[in-house]
Amino acid sequence: MSSWRTWHRPLVVFSLLMALWAVGSAIGIAADDRVLTGAPIWAKPFKFSVSFVAYCLSLAWMISLLGEERPRLRRTAWWAGTVVAVASALEMVLITLQVLRRVRSHFNSATPFDAQVFSLMGNTVMVLWLGTLVVAVLLWRATIADRATTWSIRISTVLALTGAALAFLMVLPTPEQQRREAAGLELAESGAHSVGVPDGGPGMFLTGWSSSGGDLRIPHFFGMHALQLLPLLVLLLAALAPRHARLRDERVRVRLVLVAGAVYAALLALLTWQALRGRPLVHPDGATLGAAAAVLAGGVLGVLAALSGGRRGAAPVEEGHGHAGGEVVAGDLGAHRQ
């Protein structure tokens, strides 16, 4: 991997700030017994800050892989990453502001000020998404020496953008809100993350995701954090390569990454479908279980096909060196070119 000193500095600084924010929010959860919408009042800043640490550090690393050979692309990515950091910081300030005011930050239209705050948060999310899109496009144009790493980054950015875009489903009025609006009644809330049940009902431990209905936060979270999980898979494969001959073949690692990406996309679609049907994650129905079994079977067959397609008994390659055959082991993962 590239040296952390080359990582996108504003995103790294913001991630460190969010780590401190998470500690402060955790103290708030322990010291403040107030509850907002069925959860500890400081739970939302805590969850968002932890999520931002993982998300922004991943982007900071990926931007560093663009290299120095094409400074225009790197400069554009730097500015896009800085936009992501600023938009994310504004989002956290607004969330915390509403906690200090003891009111909801999301979907809150109880007063003109609350409605303006929620509207501004929606705009920051859009800016964050567009900044990530610019980085993703630039990364798709880059070629990293290890093709498994290249494909893990390409696929994970698409999945992260898809997961982030699912947040826009939450701002749509619920059927009950539509009925109230049609009747000319004032709305204190606009949108919801729960489907089929009101927000603030029974929730899962730690995450607070609904345990009685669908919850769009689940696919939203799962999609966005593909940004970490798929590159981590590449690191795992590289670590296992010295002890497993087939994994020394770069083509096998690429196939495994492609299979993992397909399975991840299928699970993201399944989680979204489950949430939109109002089914809780912890109580799947027969249709959900059947679809999950099909995804699992497809994943197993894909892994077997990827492994059987490798060259049996491939000769080990000295760490840090590759050749035209495409074999690279762990030491070469940090190299990159364009």
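Q: What classes of residue make up the lining of the second largest pocket, and how many are nonpolar?
A: This is a predicted model, and its second largest pocket has a volume of about 500 Å³. Of the 22 residues in the lining, Pro173, Thr174, Pro175, Ala192 and Ser194 are the closest to the centre. Sorted by class, the lining has four charged residues, five polar ones and, for the nonpolar class, 13.

Q: Which element gives the most to the lining of the second largest pocket?
A: Helix H6 (167–170), helix H7 (175–182) and strand E3 (194–195) are the elements that each give two or more residues to that lining. The top contribution is four residues, and the helix behind it is H7.

Q: Is Gln178 buried, exposed or partly exposed?
A: Gln178 is found in helix H7. Buried would need a relative accessible area under 20%, and exposed would need over 50%. The value for Gln178 is 44%, which lies in between, so call Gln178 partly exposed.

Q: How far apart are the C-alpha atoms of Gln178 and Ser190?
A: Start from Gln178 in helix H7. Ser190 is twelve residues away along the chain, and the separation between the two C-alpha atoms comes to 9.3 Å.

Q: What distance separates the end C-alpha atoms of helix H3?
A: Helix H3 covers residues 71–100, which makes 30 residues.

Note on methods
Residues numbered from 1 in each chain as written. Predicted model: local features only at pLDDT ≥ 70, side-chain atom pairs only at ≥ 80, totals over all residues. Heavy atoms only, no water. 1 Å grid on protein atoms, 1.4 Å probe; cavity = no way out; pocket = protein on both sides within 12 Å on 5 of 7 lines; lining within 4 Å. Points joined across faces, edges and corners; volume = space filled by probe spheres on them. Nonpolar A, V, L, I, M, F, W, Y, C, P; charged D, E, K, R; others polar. Expected span 1.5 Å × (residues − 1). Buried < 20%, exposed > 50% of the residue type's maximum accessible area, 1.4 Å probe, protein only.
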